[in-house]
Amino acid sequence: MPAIVLIGAQWGDEGKGKATDLLGSRVDYVVKFNGGNNAGHTVVIGTEKYALHLLPSGILTAGVTPIIANGVVVDIEVLFEELDALISRGVDVSRLKVSANAHIITQYHRTVDKVTERFLGKRQIGTTGRGIGPTYADKINRVGIRVQDLFDENILRQKVEGALAQKNHLLVKVYNRRAISVDEIVDDLLSYAERLRPMVADTALLLHEALTEGKTVLFEGGQATMLDVDHGTYPFVTSSNATSGGAVTGSGIGPNRIDRIIAVVKAYTTRVGAGPFPTELFDESGEFLRANGFEFGTTTGRPRRCGWYDAPVARYTARINGVTDFVLTKLDVLTGLDVIPVCVAYSVDGVRFDEVPVSQSDFHHAKPIFEDFPGWTEDITGARTFEDLPRAAQEYVLAIEKMSGARISAIGVGPGREAIISRHDLVD
């Protein structure tokens, strides 16, 4: 059985939770391999809506083992808040496993994140202020706190002392904030240790054994390709590798174990936070997409920037990740439009770019070159086969499939878990 990587093809919020849910009972393990609680999945099951931020969306599927792997940064307070919220709604969370090597977000990471962003003024990145970036920075600087450190108070205290020796100078002398005491941090982290202990495991070994036994493992990326720290619109990116390669380093499996790479892409494009966005709309069309698609951040509640489908971005995603299948979501949001433009290339100072420019400056100044497609007015939320779609909707899907570098294997036509058209099997 396969190891499947599921990633976002744009700037996030594409509907990865829906794609995970589509695979459902055919998956044995769902692994979150990057990011933290700075992104969210909204999963609709019947009349119930679940907003997940740190937890893998597979936690909602009975029989699936959800794993928070080593590439994730964990805010333990948020972890238990999410678990308690699910428990109160009758969800079984007892199968959750957390990597002993995952890094922990502390109070000082959140504080540094917020004051640093304010200090940048007009040069702000648009972070969520949840401490993600500073935690990854400490990881790279080798002064991070890992989950396993919570079970040795002496080591934990030494590591917190080392981290705060630098952080307090920064907070007090540069940002004019109060110093944070070592005891404050240590006591807070130790208060979670015993509840966390039964969940902690060598998740890399667990996944190796599962794949060797023929289990199906889904690796679920947070954020998306265009927010990847190496391959995204740097510096307006997240602090981890949200691309398929991140599944390898972020979970501890070998690259030869991966069988399929699925990228989730909206039928239009959205972005939250600062950074270049060539197809962004500032008119009634943008408001139409935002209102019909309910484009507000799952984690932050911020209105999402909206624009038309960007085919060069989809091709870039296919190339960078080795995409085998696209899952196209929110096709129903386009219902009611007379004309649907698609970005097929860019113009930068009069020069045509058929692919995403390598220069950030060029991408920032890129103007979309559009090809228009006819819209449709029929309600498509009840469609369950490709042939059920209006002819114009079929032609739109086929056109963007041809432009995007990989086949479109599934199409989302509504918010519910059943509102999906399957064109090709995503597992076999």
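The side chains of Arg26 and Asp425 form a salt bridge, with N and O 3.1 Å apart. A salt bridge here is a side-chain nitrogen of Lys or Arg within 4 Å of a carboxyl oxygen of Asp or Glu. Arg26 sits in the loop between α1 (16-23) and β2 (29-32), and Asp425 in the segment after β20 (420-422), so the pair ties together parts that are 399 residues apart in sequence. Helices (H or I, at least four residues) and strands (E, at least two) are DSSP runs, numbered from the N terminus.

How accessible are the two partners? Arg26 is partly exposed at 35% relative accessibility. Asp425 is also partly exposed, at 34%. The classes work like this: buried means under 20% relative accessible area, exposed means over 50%, and partly exposed lies in between (1.4 Å probe, protein chains only).

## About the model

This is a predicted model, in which local features need pLDDT of at least 70 and side-chain atom pairs count only at pLDDT 80 or more, while totals for chains, interfaces and linings use all residues. Residues are numbered from 1 along each chain as its sequence is written, and side-chain values use heavy atoms, with hydrogens and water left out.

## Two domains

The chain is divided into two parts: domain 1 (3-82 + 203-422) and domain 2 (103-198). These bounds come from an automatic or database domain assignment. The C-alpha centres of domain 1 and domain 2 are 30 Å apart.

How many residues of each domain are in contact with the other? Domain 1 contributes 24 residues and domain 2 contributes 19. Contact means heavy atoms within 4.5 Å. About 1,900 Å² is buried between domain 1 and domain 2, and carbon and sulfur atoms give 61% of that area. Val73, Ile76 and Phe80 lose the most area on the domain 1 side, together 33% of what that side buries. Buried area is the accessible area (1.4 Å probe) that two parts lose on being put together, summed over both.

The rule finds 1 salt bridge across the interface of domain 1 and domain 2. The side chains of Asp75 and Arg110 also meet in a salt bridge, at 2.8 Å from N to O.

Which elements build the side of domain 1 that touches domain 2? β6 (73-74) and α2 (76-88) each supply at least two residues. The largest share, 4 residues, comes from α2. By class, this side of domain 1 has 10 nonpolar, 11 polar and 3 charged residues. Ala, Val, Leu, Ile, Met, Phe, Trp, Tyr, Cys and Pro count as nonpolar; Asp, Glu, Lys and Arg count as charged; the others, Gly among them, count as polar.

A search of the whole structure finds 22 salt bridges. One of them joins the side chains of Lys159 and Asp149, at 3.1 Å from N to O. Lys159 lies in helix α5 (residues 153-174) and Asp149 in the loop between α4 (132-140) and α5, so this pair ties together parts that are 10 residues apart in sequence. Lys159 is partly exposed, with a relative accessible area of 30%. Asp149 is buried, at 5%.

Glu194 pairs with Arg197 in a salt bridge, their closest N and O atoms being 3.0 Å apart. Glu194 is exposed at 54% relative accessibility, and Arg197 is partly exposed at 40%. Salt bridges also link Asp13, Lys266, Glu295, Arg304 and Lys330 in a network.

## Backbone details in the loops

Lys330 has a phi near 60°, a positive value in a residue other than glycine. Lys330 is in the loop between β15 (325-329) and β16 (339-348). Its relative accessible area is 23%, which is partly exposed.

Gln223 has a phi near 60° and is not glycine either. Is Gln223 buried or exposed? Gln223 is buried, with a relative accessible area of 7%. Gln223 lies in the loop between β10 and α9. Pro235 is in the loop between β10 (217-220) and α9 (244-249). A cis peptide bond joins Tyr234 and Pro235, with omega about 5°.
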